[in-house]
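Let's take a walk through this structure together. Have the sequence and the 3D view ready, and follow along.

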Amino acid sequence: MTNIQPVTGPAVEDPTELLAAADGEQGGKPRSAWRLMLPTMTPWLALGLVLVGGIVLYGTVARFFVGDPDAIRDIGMTGPSRELLLGTTQTGQDVFAQLAHATWGSLQIGFLVGVLATVLSAFFGIYGAYLGGFADEAFSLLSNVFLVIPGLPLVIVISGFVPRESRGLWTIAVVLALTSWAASARVLRAQTLSVRNRDYVAAARIAGERPWRVIAVEILPNLLPVLASQFVFAVIAAVLGEAGLSFLGLGASNSSTLGTMLFYAQNGFALPLGAWWWFLPPGLIIALLGMGLALINFSIDEIINPKLKNVRLHRRRARLLAKAEKRAAAA
Amino acid sequence: ACGGSGEEGGASGDAATTLVAYTGQAGDWQLNFNPYSPSSIAGRGTIFEPLFFINKAQESEPKPLLGTEYSWNADGTELSVTLREGVTWSDGEPFTADDVVFTFDMFTEHPALNGFGWNGTVTAVDDTHVVFAWDTPAYTAGPDVISQVYIVPEHIWSGIDPETDVLEKPVGTGAYTIGDFKGQAFTLLANDSYWGGAPAVKTIRFPALSGNQAGADAIAAGTIDWQTGPIPDIQNTNKNFPRYDTGTAAQNQMVLATCSNAALGCTGPQTDPAVRRALFYAIDRTQLNALAFQDTAAEISPSFALTATQEKWISDAVEPKTAPEKADPAEAGSILEAAGYAKGADGIYAKDGQKLSLTIEVVTGWTDYITALQTITEQAKKAGIELQAAQSSWNEWTDKRMKGDFQLAIDSLWQGPAPDPYYLYSYFYLGGDQTSPVGTKPAGNNYGRYSNPEVDAAIQALKALPLEDEAGRQPLFDTIQTAITADMPYIPILTGGTTSIWNVEKFTGWPTDDNQYAFPAVWSAFDAAEIYKTLKPAGS
Amino acid sequence: MNFILRKLGFYAVACWAAITLNFAIPRMLPGDPVDILLAKLSQRGGTVTAETRKAYAALLGGDTDDPLLTQYWTYLTNLLKGDLGVSISYFPAKVTDVISASMPWTVVLVGIATLIAAVIGVLLGAVAGWRPGSWLDSLVPATTLLAAVPYFWLSLVLVYVLSRMMGLFPSQGGYDVVLTPGWNADFISSAAYYGFLPALTIVLASLGGWILGMRNMMGSTLSEDYILTARAKGLPSRWILRNYAARNAVLPSVAGFAISLGFVVSGSVVTEQVFSYPGIGSRLLGAVTNNDYALMQGVFLYITLAVLGANLVVDLLYGLIDPRTRARA
Amino acid sequence: MTSVDVTNLVKDYGIRDGLRRRDLRAVDRVSFSLLPRRTVALVGESGSGKSTIAKLLTRLEKPTSGRIDVRLGDGTPVVGSLYRRHVQMVFQDPFASLNPFHSVEHHVARPLRIHGRTRGAAATHERVLEMLRRVNLTPAEHMAARRPHELSGGQRQRVAIARALAPGAQVLVADEPVSMLDVSIRLGVLNLLARLQREDDLAVLYITHDLATARHFSDEILVLYRGRVVERGPADAVILDPHHDYTKLLAQAAPDPERVGGVIASSPVDRSGIDNSVCFDHHTGQWEHIDDVAARAGVPDRHATEKRIAS
Amino acid sequence: MSTTTTVTPQQRRTAREPVLSVRDVTVVYETERPVTAVEGASFELGRGEILGLAGESGCGKTTLAYAVNRLHLPPARIASGSVTFHDRSGENVDVLALQDEALRRFRWSKLSMVFQGAMNALNPVRTIGAQLDDTLRAHTSGTDRHTRRERCADVLVRVGVDPLRLRSYPHELSGGMRQRVMIAMAMLLEPQIMIMDEPTTALDVVVQRDILREIVRLRDELDFAVVFITHDLPLLLEISDRIAVMKGGRIVELDAARTLYTAARHPYTRKLLGSFPSLSGDRGAFIRTGAVDEPEELP
Ligand SMILES: Nc1ncnc2c1ncn2[C@@H]1O[C@H](COP(=O)(O)OP(=O)(O)OP(=O)(O)O)[C@@H](O)[C@H]1O
Ligand SMILES: Nc1ncnc2c1ncn2[C@@H]1O[C@H](COP(=O)(O)OP(=O)(O)OP(=O)(O)O)[C@@H](O)[C@H]1O
Ligand SMILES: [Mg+2]
Ligand SMILES: [Mg+2]
């Protein structure tokens with residue numbers, strides 16, 4: 001498990017400010033609020049999208065085109081060739097085919113945990129903060145406690161107690177989600193608190209809106225970028241966490257993920273034998289998927305924290321200026 | 001890999017005479033040198049000694065250790081042993097027949113320590129002679145008595161509780177004594193007053209690493225001299241690790257153990273002998289050996305007599321003599337069809353709407369078995385049998401086996417104290433005490449829950465015959481082998497090669513294929529003790 | 001003062017929660033750990049009496065007839081007496097002994113690695129954030145790759161390259177076993193040498209988070225009014241970077257220590273396993289594979305308490321470096 | 001024709017003081033009445049409790065004690081959900097009081113819908129446009145589709161006013177409605193409010209710290225100091241003839257182009273002598289102690305009195 | 001561009017000896033669509049004079065102030081114009097030409113600034129004393145700690161803050177005190193010009209008064225020139241000698257305070273003046289009639 005999440009929680013900013021600023025800056029036809037929620041395209045974001053898109057595509061589609069990932073061949077541990085793009089495992093299984101299926105498995109668990117953890121954190125973060133008072137204090141204490149309890153050891157202990165038969169995909173997903181919602185809940189709470197105290201929420205209450213409507217219609221849209229960002233973190237954490245668990249042999253039984261692939265690679269002495277084609281790709285896919293997601297998050301962060309965006313715009317302007325000066329000098 | 005930094009790390013003057021042996025121990029050592037404690041740690045065979053050493057790896061006479069000679073009386077109820085003179089314990093006290101008597105009496109007093117079924121009496125005739133006596137003929141118990149029991153000093157053990165004492169400073173007659181102990185490693189030091197002369201290897205160090213993979217890494221780094229366990233790319237050891245060589249001994253017969261006996265409560269398709277036999281034919285052993293065992297495994301006889309040392313005992317009635325090299329899906333199919341199975345649309349056989357699908361239990365971390373199962377699963381699929389491997393911890397796995405809560409388990413059957421098939425049969429096929437109905441008390445060795453009165457009778461009869469009595473024993477073996485090849489409660493896979501890698505640049509005298517003077521496994525205490533004594537530092 | 005009291009209060013609650021979680025987990029989950037444990041215990045030569053059974057049942061739950069509250073009470077009193085039971089994988093050692101033997105290794109490894117990662121990360125992040133648009137700054141997003149690499153995978157690759165291929169570092173263990181652990185130069189240098197790769201893994205894998213956090217915060221801080229004031233005051237840039245920008249930007253990184261430490265500890269568990277490091281992480285995994293439930297729980301409790309302790313220290317230190325917290329209380 | 005009677009309003013905020021909690025009295029026994037077509041101004045420095053009174057009136061917060069009685073012209077009390085229809089609010093910050101996610105139409109249509117003032121989409125739309133035209137947001141069709149960030153501050157504030165009036169509000173609480181606006185458009189918004197007040201017979205509570213507009217836009221002024229009313233009376237009387245030290249201080253501090261270069265030179269005022277337990281009432285022309293005022297306004301607030309004695 | 005928006009050279013000039021001359025300064029924000037925030041601004045600042053700079057939000061007041069102090073970072077660019085500082089010694093400094101070290105030395109010692117939102121202009125994690133001390137150390141070499149401390153205590157006393165506060169952190173001070181500390185800091189090096197960008201907008205009216213009084217008093221005492229930026233025209237009328245009114249990046253009117261109040265020439269100035277009802281004077285005909293045209297601002 002890795003801390004991809006910058007240790008700084010995003011600063012709580014007023015999206016209105018940002019919207020106004022964006023508007024002024026654009027100068028042209030005003031864009032819709034939804035459009036403004038979308039991150040601005042940057043090379044890093046493009047890279048992130050390409051990475052994630054590519055891996056998701058590979059994970060979802062490739063498994064229909066590759067052969068049987070379990071089929072064994074007499075050519076164990078052979079390097080990449082034209083027929084077998086990524087060579088074979090110790091038992092002559094097609095690594096490329098296995099990778100396709102494993103990627104799908106990892107994506108599944110990542111998505112599942114992402115959704116579960118986001119729902120949990122939204123409940124504890126948003127609902128608690130909206131209710132305020134005792135519920136808020138209790139929820140916030142709970143998430144702070146969960147935050148300081150180290151996740152993976154807890155997951156390991158839980159997995160250790162659950163017999164293998166009951167260690168299905170869902171169990172692992174639930175366990176991972178249970179141990180990874182806290183940080184998000186804290187961020188969401190901070191954001192909700194800031195949004196909750198905005199005047200338009202008070203105005204909606206004065207107008208007589210029901211609480212759930214206030215949360216869903218007035219507050220939630222403003223939290224979308226944060227939710228998206230937390231979801232992305234949860235996915236990364238889940239993919240990494242599951243890989244760790246599976247690598248230790250504590251993953252979901254009968255599942256095929258990048259972690260189990262690495263487990264088998266380790267089991268088959270892939271690295272000592274120099275079978276890089278077996279060992280490197282699963283790890284790389286995890287890392288690249290994580291990187292891609294983190295890069296996307298990077299851009300979402302800019303929405304949440306406009307100061308970051310300023311930094312980037314600043315940078316671009318500096319370049320523009322340099323160009324302009326060069327032109328002026330040339331003229 | 002370049003074996004760079006070697007053992008410079010050791011840096012002490014006796015590095016050249018220090019043997020670093022890795023037993024596969026994962027996690028720190030926990031001090032316990034009580035050879036009778038279940039959690040006793042490595043090296044005990046070198047501190048305490050039995051009366052004789054019996055080599056299982058090749059046919060040979062028992063080698064005298066604390067005993068020098070032994071003989072049976074005519075009806076096989078009395079075994080007389082002559083003890084070696086002039087042996088002293090490492091604390092200087094003399095070794096006498098009383099120590100032997102004390103040791104065996106201890107088993108009578110503490111049934112918990114009686115792991116091999118000692119049920120006789122022992123008397124000291126004089127200081128150098130003891131006599132073991134039984135009520136009934138006990139030829140087959142002989143090897144256990146003379147080669148499997150560490151003789152312990154009465155003057156110390158009479159004052160301790162042998163069941164719980166961990167023996168911080170063990171006193172034995174063996175070639176080594178305890179050096180220093182740390183959780184990360186402990187050492188044994190040559191016993192200069194050893195009766196056979198001080199061994200040339202002065203120090204043996206046993207490090208604790210995290211497992212086989214770590215051991216392989218340590219070999220690559222040149223920090224250990226002897227490891228028994230899977231070695232990556234073993235065929236190219238000389239190239240990969242120029243200073244090392246490997247040795248292989250085939251002893252453990254790998255099987256798919258089944259919970260075979262529906263009468264004892266087993267459930268699942270594997271209770272049908274046809275399914276077990278079909279699996280037997282479904283395995284492509286050549287491929288399996290290549291993919292999972294780097295071709296280190298050897299052929300196996302369905303009779304479970306080791307082909308290397310026990311071939312003469314294989315019954316003519318057993319056909320084939322050795323398990324087929326190649327898969328025979330056709331044969332497997334016809335066996336299944338004869339038993340009423342029909343192939344379904346998915347290519348898997350089914351009977352009464354029940355798919356022929358089985359779960360195999362394997363222990364997490366048993367790398368070669370896990371790979372083997374991957375391979376077997378695919379091979380079985382071709383023969384229309386669906387297998388699913390399930391990994392669990394050793395405890396859970398053992399628990400399931402003992403309770404009968406499993407369908408198939410990959411495991412290996414072990415040998416007795418002497419190279420003779422009797423022992424294996426008596427461990428794994430004997431009904432009665434050795435097994436128990438599913439869901440009651442844990443089974444003994446016979447966790448396949450095989451039960452056949454004919455086989456039971458034959459095994460009992462074998463006890464009354466000397467091991468050398470070929471004419472008398474063969475018919476009994478014929479009976480047993482015919483039954484077990486037909487029923488196949490343990491489906492033979494291959495005979496597992498126990499591979500070791502050792503540093504030939506630093507030490508000479510390792511067992512070779514021509515001279516397997518001991519079973520070369522660092523964790524096999526008696527054998528390892530012989531090897532330690534035989535090794536010589538290369539420089540000397 | 002109040003600030004400290006409040007922090008202590010929170011950590012007391014967190015501590016209680018961890019202990020209670022430890023009590024609850026085995027009771028909430030399926031499976032019968034007590035039986036497996038006792039079977040293994042007797043296999044290992046331990047004597048299983050009714051009391052042993054009861055003690056383990058208190059620790060792990062199981063088929064006791066006692067009401068939950070009584071069990072909880074027994075559990076708490078056992079804990080207070082420092083009795084976490086006997087480890088079966090290290091029989092007959094007590095769980096507390098096994099843990100106290102391995103705890104220092106992890107504390108030192110994780111402590112030093114975290115410190116190094118934090119210092120390097122914060123410095124790099126500060127420099128990158130100070131000059132937005134510099135080549136260093138534009139490379140920062142690439143550190144997400146490092147951060148997304150699974151710890152165990154990274155450590156295996158490092159072992160392969162630096163240890164096996166180049167033979168630079170030992171790949172296993174915590175020190176040269178020839179030496180006797182103690183406060184002597186030989187041992188310490190050996191421990192440092194052996195600890196290098198595990199530490200490198202942790203540093204590499206956690207560095208990205210620090211850099212990113214610091215760099216982003218620098219971005220925000222630079223647009224603060226007091227930075228502008230500092231420039232207008234004509235302070236030399238280096239002063240501004242050090243005393244005004246970095247000093248403020250580092251605060252959230254320190255405040256977010258809890259999250260990062262949790263991640264690092266999680267990562268180090270797997271890393272230790274790969275390196276056979278004699279720390280508490282490999283004990284935990286060993287305990288899990290051996291169904292050594294008592295040890296498992298003990299290790300989890302210790303890890304959690306250690307993380308809580310570290311966070312408490314950091315939180316209190318935070319009070320020192322951010323004067324506002326002291327007053328806010 | 002709705003009127004509001006506020007009697008001995010008290011609000012305590014529990015604030016964290018380390019591990020303890022202690023009460024902070026933000027509003028202390030404030031009484032006043034809002035009548036149709038009349039504006040009451042609440043002036044005072046920052047933190048004097050002005051916004052708290054607004055929140056209490058709009059039921060965003062519960063009063064610790066005291067009463068707020070809203071009655072229709074015929075004297076029937078307004079309770080339950082009807083209250084929300086009658087009492088509405090305009091906030092200080094036009095940037096924060098509109099949700100950036102929703103169109104202008106949404107902001108105005110929601111109150112209409114909630115309070116059942118219109119049925120059906122078409123009718124609601126018509127009604128929204130009508131409201132927008134009333135607050136001079138034209139062309140209304142065009143404005144309805146916009147989102148807040150496409151509007152200037154003044155326009156936003158007018159949307160906020162339209163929203164407040166949409167449910168048919170009779171009582172309008174305006175919490176510093178123009179202090180965040182550019183100087184040049186402040187008067188425009190205030191004038192709009194004044195016009196709507198006349199047209200709809202609104203009762204208005206105008207909260208501000210700007211004495212000049214308070215004077216010109218209200219009929220009655222209450223000066224608030226540390227949660228208590230220290231001076232009350234007709235607008236001109238309070239501003240032009242301040243009695244309480246604090247009111248004097250405020251009046252002195254307010255910039256006034258009439259006295260160029262004047263007040264700056266005068267010496268700073270000492271605040272230590274300011275006593276907020278007495279209040280000057282221009283209607284009676286008398287100084288009164290807060291306890292007497294409270295006692296007269298209603299049953300003496302036992303809670304508040306005990307607090308005072310204890311402290 | 002129309003003639004009415006032009007300020008005559010006479011207006012720009014001050015009766016006193018000039019300390020700063022700003023000529024035709026134009027500042028452009030080089031964004032995707034470049035914004036010219038200040039266009040051709042020119043004025044002269046007399047020694048010891050208080051020059052008010054008024055105008056609605058976004059008209060470029062802050063931008064102009066930053067230009068004078070060279071504080072702009074990209075994307076802002078001073079496209080043209082000159083800023084000349086006339087030192088007491090008689091030396092003329094071309095501010096826009098100053099390079100690194102010279103610029104650093106120029107800042108604060110000759111021209112200091114109190115920022116808009118000065119509440120946040122103090123570093124929250126360092127003591128007031130340390131921040132004052134920084135400023136001294138950066139500009140005077142060789143003074144010992146004790147002397148510097150004395151000096152810091154001294155300026156605090158001048159603005160009416162207890163010197164004990166040197167050891168306080170900014171959050172321990174009230175907004176008004178922080179503002180005073182900023183003013184103290186601005187005076188620390190006895191600069192000849194102080195630019196104050198809305199130094200009191202965020203404050204309470206009463207506190208605001210106290211601070212203004214302080215500024216005027218200190219100006220009288222130390223004789224520095226002040227550029228006072230605010231959109232509160234009545235306030236400017238009270239304290240400034242001359243007032244410049246900005247609109248859309250241009251200075252549309254610049255005149256003595258009294259002249260401006262009684263005889264504003266530019267319609268915008270008149271409109272601004274009309275936006276402030278008089279506290280003590282008449283209500284004015286348009287108040288509360290709702291009849292006045294509501295200016296239709298464009299987004
Ligand atoms: N939710 C709250 N919790 C605790 N104290 C509060 C809360 N809201 C307001 N207060 C306190 O109550 C007092 C009055 O606050 P209020 O917001 O009513 O002042 P105000 O007169 O509106 O000031 P301003 O002019 O700055 O808006 C203040 O001291 C404030 O700190
Ligand atoms: N960083 C920037 N990028 C682009 N445009 C900017 C930037 N900063 C300011 N502007 C524009 O420059 C113009 C002048 O801004 P400036 O801050 O100088 O106004 P101001 O008169 O100080 O306003 P206020 O009274 O609100 O402080 C505005 O139109 C603003 O939109
Ligand atoms: Mg307010
Ligand atoms: Mg400004």
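Start at ligand 2, where one of its oxygen atoms sits 3.3 Å from a polar backbone atom of E:Cys59. That's a polar contact, meaning a pair of N or O atoms within 3.5 Å. This is a predicted model, where local features need pLDDT of at least 70 and side-chain atom pairs count only at pLDDT 80 or more, while totals for chains, interfaces and linings use all residues. Residues are numbered from 1 along each chain as its sequence is written, chains are lettered from A and ligands numbered from 1 in the order written, and side-chain values use heavy atoms, leaving out hydrogens and water.

Back to ligand 2: a backbone N or O atom of E:Gly60 is 3.0 Å from a ligand oxygen, and a side-chain N or O atom of E:Thr63 is 2.3 Å from one.

Now hop over to ligand 1. D:Thr52 uses a polar side-chain atom instead, 2.4 Å from an oxygen of ligand 1.

Finally, find helix 8 (residues 151-165) and helix 9 (residues 185-222) of chain C, which pack at about 130° with axes 9 Å apart. Helices here are DSSP runs (H or I, at least four residues), numbered from the N terminus. The axes are lines fitted to C-alpha atoms over the stretch in contact, with angles from 0 to 180 degrees between N-to-C directions.

Technical notes. Helices (H or I, at least four residues) and strands (E, at least two) are DSSP runs, numbered from the N terminus. A polar contact is a pair of N or O atoms within 3.5 Å; within protein, one must be able to donate a hydrogen and the other to accept it, and residues adjacent in sequence count only if both atoms are side-chain atoms.
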